[in-house]
Every structure is written in C-alpha cells, then in structure tokens.
Amino acid sequence: MTCLLSALWGGIWFIATLAHAAPEPASPGQLPALAAKAAGYAAEASCLGCHDSQVAQWKGSDHAWAMRHATPDNVLGDFNDAHFDEAGVKARFFRKGEDYFVNLEGEEGKPVDVKVLYTFGHDPLQQYLVALSRGRLQALTLAWDSRPRAQGGQRWFSLYPGQRFATSDPLHWTGRYQNWNAMCADCHSTALDKGYDDKSDSFTTTWHEQTVGCQACHGPSQSHVTWANQHKAGGSAKAPDDHYGLGVDTRALDSKGQVEQCAFCHSRRQGLGTGQQPGHPQLDQSLPTTLRASLYHADGQIDGEVYEFDSFVQSKMSAAGVGCTDCHNPHTTKIKLEGNGLCLQCHNPQPPTSRFPDLQAREYDSKAHHHHEPGSAGAQCVNCHMPTKTYMVVDPRRDHSLRIPRPDPGQSWAPCRPA
C-alpha cells in the first residue's frame, strides 16, 4: 500500500489507481543455488566412483561439514522445544515435521519463526543458516555446543555472551556482519560467486559444490572426469595433460605453493573479487592482513581471529620448506599423528637432513629439553610452541608461528600451558 500511495498524484485518481494497480514487483535476488554454467567443474559426487578411500576420509572432515542441508543426519542441536534466555535474548528451537525452526527476534523487533535451511560446521560448535529477503542467508548468533556434556557441551549458547544487539546493529543476527553471502560463503562452499547487486542490495549467489568439496583444492575437474569415464569404459583416450585434467597438479606444488592453495580460506584477508582461484598464488585472489596490534601480540602470536596462514609464514618451519600436509592429512583435515609423535617426525636424534639440512640431531622429547614430567601436559611440544586462544566461545585454535616461547616481549605467551 505504501508503494501504491506514493504513486498517486491526487485524491481524484484514488479510485482509478486502485482499479488499475500494478502487481508488486518481484523481490530482487534469489536464494543460493548450483551455478547454471559448469565452467569446467564436474558434478559434486563425480569423484566417488574412483576415489573411494579419499572420499571416505573426506566425508567426516571439517570440509565436508562446512555447509550441509538441515536434515536429521546433519543437525546436531536440540530442536525438541528447547529454550534459550540470556541477557534479554530469547529463542525457542523446535520442529515442524521434518523441518527445523527457531523462534526469535526478527528484523522488525518482534518474535518470528525462521526455518533452518543449512548447518554450518560441526565441531566444537554448529551454527545454523536461515533465509531472509533479497537472497540473503543469515547465520544465527545462537549456536550449538557440540562438545561432550562432560566438557561443558550439549547446550545452546550465544556467540556474544551477555550481549543483546538492536536490530539496527550489524552484529544482530539479521545484520550485515552475520550475512552468509558476504561474510562466510566463499570459504564454506566451492567456487562461489556472491552475485551481489549493489543497486538492489541483493544477492544471487551460486556455487559449484555446496560445501568444501574435492574441487575446492583440486580445481575444476570435468576434463579429468570425462577422461576417467572413458578410460574405465575401455576407451583409449589419452589423458588431457600430465596431471590427468585436474585443475591443480598437487604433485607439482612445492611447500610454498601448497600453503598458498590453503591460504585463501585459512587466512584473515581482503578478497579481490575473484573468489577462489585454485592453482593461483594467494595474491591473485586476496590480500592477507598485515601484522598489527589489533590482530597480533607484540611477539607475533595470534590475538584476533586470524586463522593460520599469516602466522605460519612467519615461522622457521615455513622458511625451511614445511607444508601443510607434512602435519595434516589433506582429506580428513586432521593431524597425522597425535601427541609429540607429530613433531618427532623431524625433530629427533636422526632428523631428515636430506630435506631439512639445518635440523639439529637432538632428543627433544626429554625432560632435559621441556623440563616437565614425561607424558604431562607441559611435556607436549604444542603447548609451548603452539599455544591456543579460544574463539567463538568454545573453539581453541593453535598459533602456527611455532616460536620459541618468549614471555618478555609481551603478555601473550603462557609457556607450557595445557591445551
């Protein structure tokens, strides 16, 4: 009615205008969907037929859980008429048949029911995405603590404890800082195009894989899939190139190139508008933040939520040629070994000097080195050289600058602190 009244030139035309009123224009933007043009990307499940082992490892990974449909298999939170009430923030989590809903304060300041469309992450917390107008997905600021109950988990909690934001505040769940399209999407999906229209302040966002799939790291792979299918069928088709049509030849990457493949998402950075560019250097895609007091302590250790890249490239490890997969399984995303065994791959009395010639032969896993009882928290390499800071209330993350503990430049280091 507001649009209708603004079109009136005078009361004499009121009845005529009502009789011939045009329909309301369609709302701009649309909810995210698969890109219409393949652009060299294969269908999401294409790798399963040949790479069963790698896919099986990936299915339980943080990458596979990055963004999923809100189904009983994926939703970890309690939606059995659960209630949250803290600092004036109230919510009820419930179900209608197979669908998940939350009742909470909406854009107009009144309680509304919003349907959960997607889950976001899984460990140690899970967030939920709901739809608003103009193609927006929003991340709720109430999250599910998925840790075991014995660790304080299995509860709803606020990502901003003790705070309540006005609906006009960008930190309100309906605000810009909680907008999935602009803030989160390009690292939780594969080959994402935000599709932002500044004239209507709307999004028509598309992806090539809804979550972080194989092609997020290996690049567009339809050429590879086409060749593989022909090869399996007994065809004599020659591989399209020396890396079998994959967008990125991971075997050809040195450690620096490998780190840069992970850096687009595992860094605090400003995107250049290109989105993910598998196979390209970090600076082709984004500008990493520089060391600054608001993000790092005086000694270079993490303070703000800066992820891993900027810290790691400060390290002697990076300078020596260590890459991400020296410590992490690229498919499960977990570390390769638990405990000190991970560091002892190289830091031992018989180090791999053929690859790292400057390594010292030494017994590091000893009381003489760490000054703690063997097997104690203080004797763990990472608790001195990779101390943690907790983000998002329940998510401890390790500093990746791998420094010698130095409390004197500032107050950031707590040597030998248990994780």
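Helices, as the word is used here, are DSSP runs of H or I with at least four residues, numbered from the N terminus. The model is a predicted one, and in it Glu260 is found in helix α8, which covers residues 255-263.

Is Glu260 buried or exposed? Because buried means under 20% relative accessible area, Glu260, at 14% relative accessibility, counts as buried. Leaving aside residues up to four places away in sequence, Glu260 touches Pro281 and Gln282. The C-alpha atoms of Glu260 and Cys324 are 9.7 Å apart in space, although the two residues are 64 residues apart in sequence.

**Salt bridges**

Side chains of opposite charge can pair when their charged atoms come close. The count of salt bridges in this model comes to 19, and the table gives some of them.

| Pair | N to O distance |
|---|---|
| Lys115 and Asp99 | 3.6 Å |
| Arg136 and Glu107 | 3.2 Å |
| Arg269 and Asp186 | 3.6 Å |

The side chains of Lys115 and Asp99 meet in a salt bridge, with 3.6 Å from N to O. Lys115 belongs to strand β6 (residues 111-120) and Asp99 to strand β5 (residues 99-105), so this pair ties together parts that are 16 residues apart in sequence. Lys115 counts as partly exposed at 36% relative accessibility, and Asp99 is likewise partly exposed, with a relative accessible area of 31%.

Between Arg136 and Glu107 the closest N and O atoms of the salt bridge are 3.2 Å apart. This pair links distant parts of the chain, 29 residues apart, with Arg136 in the loop between β7 (125-131) and β8 (137-139) and Glu107 in the loop between β5 and β6. Arg136 is buried, with a relative accessible area of 7%, whereas Glu107 is partly exposed, with a relative accessible area of 37%.

A further salt bridge joins Arg269 and Asp186, whose closest N and O atoms are 3.6 Å apart. Here too the pair links distant parts of the chain, since Arg269 lies in strand β13 (residues 269-271) and Asp186 in helix α5 (residues 185-188), 83 residues apart. Both Arg269 and Asp186 are buried.

Salt bridges also link Arg134, Arg176 and Asp201 in a network.

**A sheet of three strands**

Strands of a sheet pair through backbone hydrogen bonds, either parallel or antiparallel. The pairing of β11 with strand β12 (residues 202-207) is antiparallel and runs over 2 bridges, and Asp197 stands opposite Ser202 in β12.

Methods
Residues are numbered from 1 along each chain as its sequence is written. This is a predicted model: local features need pLDDT of at least 70, side-chain atom pairs count only at pLDDT 80 or more; totals for chains, interfaces and linings use all residues. Side-chain values use heavy atoms; hydrogens and water are left out. Buried means under 20% relative accessible area, exposed over 50%, partly exposed in between (1.4 Å probe, protein chains only). Contact means heavy atoms within 4.5 Å. A salt bridge is a side-chain nitrogen of Lys or Arg within 4 Å of a carboxyl oxygen of Asp or Glu. Two strands pair if DSSP finds at least two bridges between them.
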